[in-house]
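Here's a quick briefing on strand pairing and salt bridges. Take a look at the sequence and structure first.

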Amino acid sequence: MDRDITHEEKRRNVRRIATAVVAIAAAAFCLAATVEWLRPSLERRDIVLARVERGAVEATLQASGTVVPLIEQVVSSPVEARVLRVGRRAGAPVKAGDELLTLDTAATRLDVDRLGDRVSAEQSENVQLRLRLDETIASLRAQLEQKKLDAEIVHYTATQKEKLRSEGLTAEADALAAQAQARKTNIELRQLNEALARAEQSRRAQLAAAQSELVSAMRDREESRRQLDLAMLRADRDGVLTWVVPEEGATVRRGDVVARIADLSSYRVTGTISDVHSSRIAPGMRAWVKLDGESLGGVVDSVDPRIEAGVMKFSVTLDAPSHPRLRNNLRADVLVVTGRRTNTLVVRRGALGRTNSSTAFVIRGENAVRVPVRFGLGGDETIEIVSGLSEGDQVVISDVSEYEDIEKIRIK
């Protein structure tokens, strides 16, 4: 038989139900808090964000560079000699006309004297040759004039005898003999004319050859004198003496480098890069030289085809070769531009695209969500986004490689 539940029992039942509800709610809260606590998170101040924008991007290759003088004059020894005195030491500033070093020129002076004697001998021989040839020509001309007179007499005699023969006053044999003598005289006259022409031609040829020998001797003498004048080596431009023969008494050969003068008012950059990239660098490419956070533009003007120890060298001509930050032998990073695109999606590079990863974390509300991304051209500061991101997206560009297996990170 049923009985009524007392008021006290009802209150106990309500308390038990309330206690169970509170316990279940507390358990659920603790579970949710535990899950939230275990979920990866990052402080916003610990990450770097960048916004995807539309703009230009340049693909670059990074190389090492050294700032060197744009112009460096090489001073060579004009003669083989011994160094008598070094007028300036390496590192000293020089002006045009300053003495660099003095060479012993005793042997060169002897050579100048010998060549002077040779020139005098050639001049004397030319005068004697001219006299001999003129005398030969004059003799032939005198013989020719005499033969012309003889020819006139012989022709007159032959004409007279031919008249006498026609009148029967002389023998036919005498007339024929006179005509033969006239023809013989004509032959001799022609031979003398030809001999005179050959003599005059020979005279011109011999005098030209003798004059050529004389001019050659005079040139040798002048060159020897010029080398003697250059033996006191002087700077022909303002600059800094970067190297000079260090020891007095040293013997140098003709053509040996004895000093180098650099013009420190303008510079260029010599770059080195691994030979792996040798086929990707060519003259005419744009380049950026980074100095203390500042970028200087330039152009690759030459590429050394030689590869030494796996390294290729190239030279960059700067747009501003006299920039105040440039210093001799200063180290710099060189970025060679291998490609460029405009009006494309780009984002500050940071750590993006520097590994094999093809994903990036994009900010979605209070979370950073991993999304697949296809990267394009990559420069030193920016990288192209081909697909996966939209203009305006905020991307984590700091290094988050330790979260590569996480799909979502809470941002606090």
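**Salt bridges and a hairpin**

Arg 341 is partly exposed at 40% relative accessible area (buried is under 20%, exposed over 50%, partly exposed in between, with a 1.4 Å probe and protein chains only). This is a predicted model, where local features need pLDDT of at least 70, side-chain atom pairs count only at pLDDT 80 or more, and totals for chains, interfaces and linings use all residues. Residues are numbered from 1 along each chain as its sequence is written, and side-chain values use heavy atoms, leaving out hydrogens and water.

Salt bridges (a side-chain nitrogen of Lys or Arg within 4 Å of a carboxyl oxygen of Asp or Glu):
- The count comes to 13.
- Arg 341 pairs with Glu 384, with the closest N and O atoms 2.7 Å apart.
- Arg 341 sits in strand E14 and Glu 384 in strand E18 (residues 382–387), so the pair ties together parts 43 residues apart in sequence.
- Glu 384 is buried, at 6%.
- Asp 292 meets Arg 325 at 3.6 Å, N to O, and a salt-bridge network links Asp 292, Glu 294 and Arg 325.

Strands (DSSP runs of E, at least two residues, numbered from the N terminus; two of them pair if DSSP finds at least two bridges between them):
- E11 runs antiparallel to E12 (residues 294–308), joined by 6 bridges.
- Asp 292, in the turn of this hairpin, has a positive phi of about 50 degrees.
- E11 also pairs antiparallel with E14 (residues 331–348) over 4 bridges.
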